[in-house]
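Here is my note on this model. Please read it with the coordinates open.

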Amino acid sequence: MDTDTRQRLRATLEAQQEDLVSELRALGADPDSDKVRQLDSVDDNFADSASATAERAEKLALIAQANERLADIEHALARMHEGSYGTCERCGDAISPSRLEARPMSVLCVECAAA
Ligand SMILES: [Zn+2]
């Protein structure tokens with residue numbers, strides 16, 4: 001992968017990372033704290049009623065999803081930092097550029113992701 005492509009994909013990943021961090025903040029989670037990624041701070045904002053419980057469950061699901069996406073992005077950025085970005089984590093083959101363009105956080109080639 002050439003340097004320009006890598007730079008561009010890194011910028012995309014960093015922009016997505018920022019969006020997710022803002023999303024987590026908006027949901028009441030503190031993305032800077034690993035502990036609250038598991039959400040203790042969200043509790044205080046909810047009254048103890050059935051609808052609050054449902055609302056809280058929904059919010060926790062959104063937070064969990066955002067955390068998962070954030071973890072994928074951070075993982076890809078870490079691999080970029082190590083220099084292993086763009087190679088499949090499982091088989092070691094190059095991940096196709098079109099796959100990386102479509103999904104820059106990919107760490108598996110198409111074959112391994114499908115397996
Ligand atoms: Zn593979």
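1. α1 and α3 are roughly antiparallel to each other, because angles over 145 degrees count as such. The two helices pack at about 150°, with axes 9 Å apart. Axes are lines fitted to C-alpha atoms over the stretch in contact, and angles run from 0 to 180 degrees between N-to-C directions. Helices are DSSP runs (H or I, at least four residues), numbered from the N terminus.

2. The model is predicted: local features need pLDDT of at least 70, side-chain atom pairs count only at pLDDT 80 or more, and totals for chains, interfaces and linings use all residues. Residues are numbered from 1 along each chain as its sequence is written.

3. Which residues of α1 meet α3? They are R6, R10, L13, Q16, Q17, L20, E23 and L24. Their partners in α3 are I63, A66, R69, L70, I73, E74, A76, L77 and M80. Contact means C-beta atoms, placed from the backbone, within 7 Å.

4. I73 deserves a look. It touches L13, Q16, Q17, L20 and M105, not counting residues up to four places away in sequence.

5. The largest nonpolar core has 11 residues, among them L20, L24, I73, Y85 and M105. Such a core is a set of buried Ala, Val, Leu, Ile, Met, Phe, Trp, Tyr and Cys residues joined through C-beta atoms within 7 Å. α1 (3-26) and α3 (50-82) are the elements that give two or more residues to this core. The largest share, five residues, comes from α3.

6. Overall, the protein chain has five helices and zero strands. Of its 115 residues, 16% count as buried (20 or more other C-beta atoms within 10 Å of their own, C-beta atoms being placed from the backbone).

Notes: Buried ≥ 20, exposed ≤ 12 C-beta atoms within 10 Å, placed from the backbone. Contact = placed C-beta atoms within 7 Å. Parallel < 35°, antiparallel > 145°, perpendicular 65-115°, else oblique.
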